[in-house]
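Hi everyone, thanks for coming. Let's walk through one structure together, a step at a time. Please have a look at it on the screen.

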Amino acid sequence: MIYFETERLLMRDFDREDLPEFRRMNEDPKVMRFFPKIRTHEETDAFYEAILQEFETYGFGLFAVERKDTGEFIGFIGFHRATFEADFTPCIEIGWRLKKEAWGYGFATEGARGCLKYAEDHYNFENIYSFTAKINSPSERVMQKIGLQKVGNFAHPNMEETHPLSEHVLYALKNEVGE
């Protein structure tokens with residue numbers, strides 16, 4: 001199912017045909033440099049199943065992203081229920097991961113803006129958060145470009161405090177109703 005389109009992208013359900021490219025993306029050290037490790041085929045397959053389950057359970061999730069001009073699967077952008085222990089969780093997170101061949105074209109920003117517009121029209125999210133390792137300046141720039149505001153930093157509870165990726169930036173888009 002195609003949920004929505006942007007100028008250059010289709011946001012759709014994941015399909016089993018996406019798995020080979022999804023695995024390749026998650027095994028690429030450059031793509032995964034701001035994550036603790038690359039994902040094995042089995043871990044990517046489990047992630048794929050978790051994405052499908054999140055849509056089934058909550059009615060939202062991470063959309064597969066396809067280029068309109070080529071029909072090529074380039075990654076994911078969308079929403080996820082973050083449940084690790086922090087003062088802002090559980091929360092709705094907007095996130096993205098694109099294969100390196102899709103970097104530098106503004107696809108993450110375009111797709112994330114489209115997701116926010118889609119959420120405004122279809123979901124009743126009170127707040128939307130985004131976070132990444134403090135050293136991940138490309139993702140932080142996307143957060144800024146899509147209109148999220150920095151609300152702080154935190155040590156990710158799933159990482160050792162001494163790990164170079166432990167310190168995260170936290171951004172939010174808060175619903176102004178009732179505030």
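Let me start with a definition: a disulfide is a pair of cysteine sulfur atoms within 2.5 Å. What we have here is a predicted model, where local features need pLDDT of at least 70 and side-chain atom pairs count only at pLDDT 80 or more, while totals for chains, interfaces and linings use all residues. Residues are numbered from 1 along each chain as its sequence is written, and side-chain values use heavy atoms, with hydrogens and water left out.

So, how many disulfides are there by this rule? The count is 0. Cysteine 91 is in no disulfide, and the nearest cysteine sulfur, in cysteine 115, is 15 Å away. Because that 15 Å separates the sulfur of cysteine 115 from its closest cysteine sulfur, in cysteine 91, the two are too far apart for a bond.

Are these cysteines buried or exposed? Buried means under 20% relative accessible area, exposed means over 50%, and partly exposed is in between, using a 1.4 Å probe and protein chains only. Cysteine 91 is buried at 6%, and cysteine 115 is buried at 0%.

That brings us to the cores. A nonpolar core is a set of buried Ala, Val, Leu, Ile, Met, Phe, Trp, Tyr and Cys residues joined through side-chain atoms within 4.5 Å. The largest one has 45 residues, and Phe22, Phe63, Phe79, Ile94 and Trp96 have the most contacts inside it. Helix H3, residues 107-122, gives the most to this core, with 7 residues. Apart from it lies another core of 9 residues, including Cys91 and Phe154. As background, in soluble globular proteins nonpolar side chains tend to be buried together.

A word on terms: helices (H or I, at least four residues) and strands (E, at least two) are DSSP runs, numbered from the N terminus. Contact means heavy atoms within 4.5 Å.

Let's return to phenylalanine 22. Not counting residues up to four places away in sequence, phenylalanine 22 touches Phe14, Thr44, Phe47, Tyr48, Ile51, Phe73 and Phe76. Phe22 is also one of the H1 residues that meet H2, where the partners include Thr44 and Phe47.

Finally, where is glutamine 149 found? This residue is in strand E7, residues 149-155, and at 52% relative accessibility glutamine 149 counts as exposed. Leaving aside neighbours within four places in sequence, glutamine 149 is in contact with Leu170, Tyr171 and Ala172.
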